[in-house]
Amino acid sequence: MNTDEEYTAYVSGRLLWLRRIADALCRDWHRADDLVQTAITRLYVKWRHARKAADLDSYVRVILVRVFLKEQRAGWFSRTRLSAAPPEAAARAGDADLAMDLHRALDLVSPRQRATLVLRFHCDLSVEQTAAVLGCSTGTVKTQTARGLAALRALLDMAATKEDR
């Protein structure tokens with residue numbers, strides 16, 4: 001199998017996984033597709049080096065998270081949201097109301113906290129693995145996790161209080 005066939009086979013097999021991570025990061029399926037497209041394009045350029053990685057999935061996840069964080073640093077004018085998430089995104093969740101509240105709350109935390117929370121709890125990475133992906137210290141990961149969870153709790157408590165009225 002030549003390198004292009006290896007690349008195509010890998011990407012075909014991991015595309016849904018990449019889309020799920022991207023969606024968890026940005027909470028917009030259309031934008032998630034753009035993130036994945038950019039990440040797999042970067043992967044293609046670096047494929048000869050990447051395919052030799054000890055853990056190719058980790059290598060690709062790092063690319064995806066860095067693409068997301070780079071996009072977040074860009075100005076608001078570089079992103080356009082035309083509509084909310086498609087209905088099939090909400091249908092994936094067991095408790096649609098809770099999932100919608102969580103998605104709204106995730107939209108309100110900082111991009112770095114969101115990336116940390118997604119890597120820690122959606123991707124089930126350790127503190128050390130998350131630090132490696134984000135290129136920061138383990139202390140920063142712990143701080144971002146604690147602050148992100150506190151922000152989510154506060155936002156979810158506010159949502160629950162508004163519904164009780």
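Modeller: Let me begin with a definition: a residue is buried when its relative accessible area is under 20%, exposed when over 50%, and partly exposed in between. Please keep in mind that this is a predicted model.

Colleague: Why is Arg31 called buried?

Modeller: Buried means under 20% relative accessible area. Arg31 has 16% relative accessibility, so Arg31 counts as buried.

Colleague: What makes the contact of Glu71 and Arg31 a salt bridge?

Modeller: A salt bridge requires a side-chain nitrogen of Lys or Arg within 4 Å of a carboxyl oxygen of Asp or Glu. The N to O distance between the side chains of Glu71 and Arg31 is 2.3 Å, and therefore the pair qualifies. The pair links distant parts of the chain, with Glu71 in helix H4 and Arg31 in helix H2, 40 residues apart. By this rule the count comes to five salt bridges.

Colleague: Which residue does Glu6 meet in a salt bridge?

Modeller: The side chain of Glu6 meets that of Arg51, at 2.5 Å from N to O. Glu6 belongs to helix H1 (residues 3-26) and Arg51 to the loop between helix H3 (47-50) and H4, so the pair ties together parts that are 45 residues apart in sequence.

Colleague: Why are Glu6 and Arg51 called partly exposed?

Modeller: The class covers values between 20% and 50%. Glu6 has 26% relative accessibility, so Glu6 counts as partly exposed. Arg51 has 34%, and therefore Arg51 counts as partly exposed too.

Colleague: How do you know that Arg19 and Asp33 form a salt bridge?

Modeller: Their side chains meet at 2.5 Å, N to O, and the limit is 4 Å. Arg19 is in helix H1 and Asp33 in helix H2 (residues 29-45), 14 residues apart.

Colleague: What makes Arg73 exposed?

Modeller: The relative accessible area of Arg73 is 64%, which is over 50%, so Arg73 is exposed. Arg73 lies in helix H4. Together with Arg42, Lys46, Arg66 and Lys70, Arg73 forms a patch of positive charge on the surface. Helix H4 (residues 56-73) gives the most to this patch, with three residues.

Colleague: Why is Gly135 called exposed?

Modeller: Gly135 has a relative accessible area of 57%; exposed means over 50%, so the term applies. Gly135 is found in the loop between helix H8 (127-134) and helix H9 (138-164).

Colleague: How many helices and strands does the chain have?

Modeller: The chain has nine helices and zero strands.

Terms used: Residues are numbered from 1 along each chain as its sequence is written. This is a predicted model: local features need pLDDT of at least 70, side-chain atom pairs count only at pLDDT 80 or more; totals for chains, interfaces and linings use all residues. Side-chain values use heavy atoms; hydrogens and water are left out. Patches are made of residues with over 30% relative accessible area and no salt bridge: like charges are joined within 9 Å, nonpolar side chains (Val, Leu, Ile, Met, Phe, Trp, Tyr) within 5 Å. Accessible areas come from the Shrake-Rupley method with a 1.4 Å probe; for residues, only the protein chains shown count as cover. Lys and Arg count as positive and Asp and Glu as negative; His and the chain ends are not counted. The place of a charge is taken as NZ of Lys, CZ of Arg, CG of Asp or CD of Glu. Helices (H or I, at least four residues) and strands (E, at least two) are DSSP runs, numbered from the N terminus. Buried means under 20% relative accessible area, exposed over 50%, partly exposed in between (1.4 Å probe, protein chains only).
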